[in-house]
Amino acid sequence: MADKTLVEFVKESLQQGQSREAIHGALTQAGWRKGEVDAALAVYTDIGFPVAVPRPQPYLSARQAFLYLLFFILLGIVSFSLGSLLFALVDYAFPDKAEAGGYIYRYRDAQVRSGISGVLVATPIFLWLGYMLRGARERSPELQRSRIRKWLTYLSLVIAGCTLLGDATSLVYNFLGGDLTTRFILKSLVVAVIAGAIFTYFISDAEKGDQGDVDAK
């Protein structure tokens, strides 16, 4: 979907008699990407009329919101399933003597099955959807400025950052209380690696998007 600022500028310029070539040249010199300018110009038809005549536009916002929401939901499922699976494996490797009985073992078996199922089902869809969205952004640079994507990106950063902070706080708290066990350290490491990977990826993606807003060509 074309940027609203560009669309309004193109509309006013066309109504003042400016040619499409002149508008395109002015916007690219101002720093807008060629793809963004082309998308804004495509909003209006090239017919002789005193005012700019818009083309029928598909409703891309709802589809875009759906795809990004699905992407971030899948990210949550993959992260939770992977963390749950690794937690169960840590429990198997370092069992707590206070935990005994068939119920505990059945619970861990169910936790392992659930974790493996979530990872196997959600990961391929998540990777495919991420690849598709990245390709769409490369083909249509205006999607880089999507407010929906940016809000969800920064929301993920907040969640991942809070998770890392909570993980570190819990680690220090248990250390000061003398309850720092191998099992607890490994589980804290699992949380730190998963949340850290998410935070690192999205902070890099956010910086690229913000830099693109400044240096857009």
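How many salt bridges does the protein have, counting a side-chain nitrogen of Lys or Arg within 4 Å of a carboxyl oxygen of Asp or Glu? By this rule the count comes to four. This is a predicted model, in which local features need pLDDT of at least 70 and side-chain atom pairs count only at pLDDT 80 or more, while totals for chains, interfaces and linings use all residues. Residues are numbered from 1 along each chain as its sequence is written, and side-chain values use heavy atoms, with hydrogens and water left out.

## Overall fold

The protein has seven helices and zero strands, and its pattern along the sequence reads α-α-α-α-α-α-α; helices (H or I, at least four residues) and strands (E, at least two) are DSSP runs, numbered from the N terminus. Of its 217 residues, 38% count as buried, where buried means under 20% relative accessible area, exposed over 50% and partly exposed in between (1.4 Å probe, protein chains only). Among contacts (heavy atoms within 4.5 Å) with a separation of 6 or more, 74% are accounted for by residues 24 or more positions apart. The accessible surface, from the Shrake-Rupley method with a 1.4 Å probe and, for residues, with only the protein chains shown counting as cover, comes to about 13,600 Å², of which 66% belongs to carbon and sulfur atoms.

## Nonpolar cores

A nonpolar core is a set of buried Ala, Val, Leu, Ile, Met, Phe, Trp, Tyr and Cys residues joined through side-chain atoms within 4.5 Å. The largest such core has 19 residues, and those with the most contacts inside it are Phe-71, Phe-72 and Phe-202. At least two residues of this core come from each of helix 4 (60–93), helix 5 (102–139), helix 6 (147–177) and helix 7 (182–215), with the largest share, seven residues, supplied by helix 4. When residues up to four places away in sequence are not counted, Phe-71 touches Phe-126, Leu-129, Gly-130, Leu-133 and Phe-202. A second, separate core of 13 residues includes Val-10, Val-37, Ala-40 and Val-43.

## Salt bridges

| Asp-46 | Arg-20 | 3.7 Å |

Asp-91 is buried, with a relative accessible area of 8%, and Arg-183 is buried at 14%. Salt bridges that share partners join Asp-91, Arg-183 and Lys-187 into one network.

The salt bridge of Asp-46 with Arg-20 links distant parts of the chain, with Asp-46 in the loop between helix 3 and helix 4 and Arg-20 in helix 2 (residues 20–30), 26 residues apart. Asp-46 counts as exposed at 61% relative accessibility, whereas Arg-20 counts as buried at 18%. Lys-34 and Asp-38, by contrast, both lie in helix 3, four residues apart, about one turn of the helix; Lys-34 is exposed, with a relative accessible area of 53%, and Asp-38 is partly exposed, with 31%.

Tyr-44, found in the loop between helix 3 (34–41) and helix 4, counts as buried at 6% relative accessibility.

Gln-111 lies in helix 5 and counts as buried at 11% relative accessibility.
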